[in-house]
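This report examines selected helices, residues and a pocket of one protein model. Please keep the sequence and the structure in view while reading.

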Amino acid sequence: MHKELLKFLACPICRTSITFDGKTADNRFVNGYLKCVRGHLYQVKEEMGLIKDAKLSAGEFEWRVDVADESKYNEIQKQYNSYLNEDLRTALKKLMDILINSVIKSCLDTNNIVLDIASGMGRFVLQLAEKIPKDTIIIGTDVDEKPLRGAMNKAKKIGVYQKISLIVTDAKHLAFKDKALSTVSSHFGFDNVPETVLALKESFRVLKPDGKVIFSSVWLKEGSESIKIAEKYKVGQIASENRLKQTLKKTGFILDWFEEVYSGVWPYNPMDLLPVQGEEFSHVIVQIRKPKNA
Ligand SMILES: C[S@@+](CC[C@H](N)C(=O)[O-])C[C@H]1O[C@@H](n2cnc3c(N)ncnc32)[C@H](O)[C@@H]1O
Ligand SMILES: [Zn+2]
């Protein structure tokens with residue numbers, strides 16, 4: 001991670017500020033420890049901050065596959081793409097373009113830093129990094145180190161790593177100070193975090209007044225099997241326009257705009273829990289904003 005991010009970091013347990021002790025190179029923390037004012041310690045391991053508390057984040061999602069190795073990374077991407085039909089692939093590309101352009105606009109209007117939530121293997125952050133101006137920092141985050149290792153290796157390989165910092169942090173207990181940042185993004189991240197409302201409240205906390213969250217999300221039909229499953233796994237809180245609006249009321253965010261990029265019937269795809277095969281869904285992009293006086 002880039003050294004200059006230190007001023008934005010806070011301990012996820014006690015929210016006090018953090019200092020670093022260890023090896024640095026090329027403007028980055030490489031290996032060592034981050035320590036908060038009260039003495040909570042977090043490791044920096046091979047350029048990645050692991051700023052997560054085991055107790056606070058117990059029970060959060062864990063990846064079963066290791067994708068640090070490039071051939072495994074490519075295999076998983078290829079497998080996933082093989083389940084998408086032509087229409088869906090085109091729609092996802094369009095969605096990605098809109099998301100990238102909206103995030104770049106927000107960055108250029110503010111301070112050239114983006115915090116990406118639930119970055120996983122980095123499908124979004126890698127493409128964003130290719131298009132975003134060169135003095136921007138994209139902070140890719142996930143609750144699990146494994147997918148971020150894959151994203152790091154890929155970023156180095158395709159030559160965009162200079163714009164990327166990777167941090168393991170829980171979307172519900174972010175390792176950032178209050179009012180630290182102006183742009184938060186996520187590509188199908190929030191709707192994968194159980195109790196999404198808690199993750200949105202955390203993003204609200206770390207955003208400056210007038211800061212934005214721009215994210216893609218899947219909407220499901222009320223009364224469908226997909227919605228039942230989403231509820232069972234506590235990932236249904238933003239799964240329709242109505243649900244999103246109800247959830248936003250609980251967080252303090254204002255809805256700026258949303259765009260339904262695609263709607264259709266979900267194909268067979270054993271790699272995704274939702275939507276259920278054969279059920280209607282839509283892919284949307286949403287922009288929400290923290291009020292100026294918050
Ligand atoms: C569908 S993937 C996101 C895809 C990714 N944004 C991309 O562009 O490739 C969902 C991710 O959510 C992460 N996740 C689940 N719970 C989380 C939490 N509490 N905090 C942060 N990330 C979480 C998972 O580890 C997984 O990588
Ligand atoms: Zn602390």
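Which residues does Tyr80 touch, not counting residues up to four places away in sequence? The model under discussion is a predicted one. In it, Tyr80 touches Arg123, Trp266, Asn269, Met271 and Asp272. Tyr80 belongs to helix 1. Because buried means under 20% relative accessible area, Tyr80 counts as buried at 15%. Gln43 lies 37 residues from Tyr80 along the chain, and the C-alpha atoms of the two are separated by 32 Å.

Ser57 is located in the loop between strand 4 and helix 1. When neighbours within four places in sequence are left aside, Ser57 is in contact with Lys52, Asp170 and His173. The two residues are set out below.

| Residue | Place | Relative accessibility |

Helix 4 comes next. At its start, a side-chain oxygen of Asp144 reaches to within 3.1 Å of the backbone nitrogen of Lys146. Helix 4 comprises 14 residues, 145-158, and at 1.5 Å a residue these should span 20 Å; the end C-alpha atoms are 20 Å apart, which agrees. After helix 4 comes Gly159, whose phi is positive, near 80°.

The buried residues of helix 4 are Glu145, Pro147, Leu148, Arg149, Gly150, Ala151, Met152, Lys154 and Ala155. The elements they pack against include helix 1 (70-82) and helix 3 (123-131), together with strand 3 (41-45), strand 4 (48-50), strand 6 (137-142) and strand 7 (164-168).

Is helix 5 largely enclosed by the rest of the structure or largely open? Nine of the eleven residues of helix 5 (residues 196-206) are buried, so this helix is largely enclosed. The buried residues are Thr196, Val197, Ala199, Leu200, Glu202, Ser203, Phe204, Arg205 and Val206. Among the elements that cover them are strand 5 (113-116), strand 8 (181-187), strand 9 (207-220), helix 7 (241-251) and strand 11 (280-289).

Finally, the report turns to empty space. Rolling a probe the size of a water molecule over the atoms shows where such space is left. The second largest pocket holds about 210 Å³ of space. It is lined by 15 residues, of which Lys52, Glu62, Val143, Asp144 and Val168 are the closest to its centre. By class, its lining consists of six nonpolar, two polar and seven charged residues. Asp144, listed here close to the pocket centre, is also the residue whose side-chain oxygen approaches Lys146 at the start of helix 4.

Technical notes. Residues numbered from 1 in each chain as written. Chains lettered and ligands numbered in written order. Predicted model: local features only at pLDDT ≥ 70, side-chain atom pairs only at ≥ 80, totals over all residues. Heavy atoms only, no water. 1 Å grid on protein atoms, 1.4 Å probe; cavity = no way out; pocket = protein on both sides within 12 Å on 5 of 7 lines; lining within 4 Å. Points joined across faces, edges and corners; volume = space filled by probe spheres on them. Nonpolar A, V, L, I, M, F, W, Y, C, P; charged D, E, K, R; others polar. Helix = DSSP H or I, 4+ residues; strand = E, 2+ residues; numbered from the N terminus. Expected span 1.5 Å × (residues − 1). Buried < 20%, exposed > 50% of the residue type's maximum accessible area, 1.4 Å probe, protein only. Contact = heavy atoms within 4.5 Å. Polar contact = N/O pair within 3.5 Å; in protein donor to acceptor, adjacent residues only side chain to side chain.
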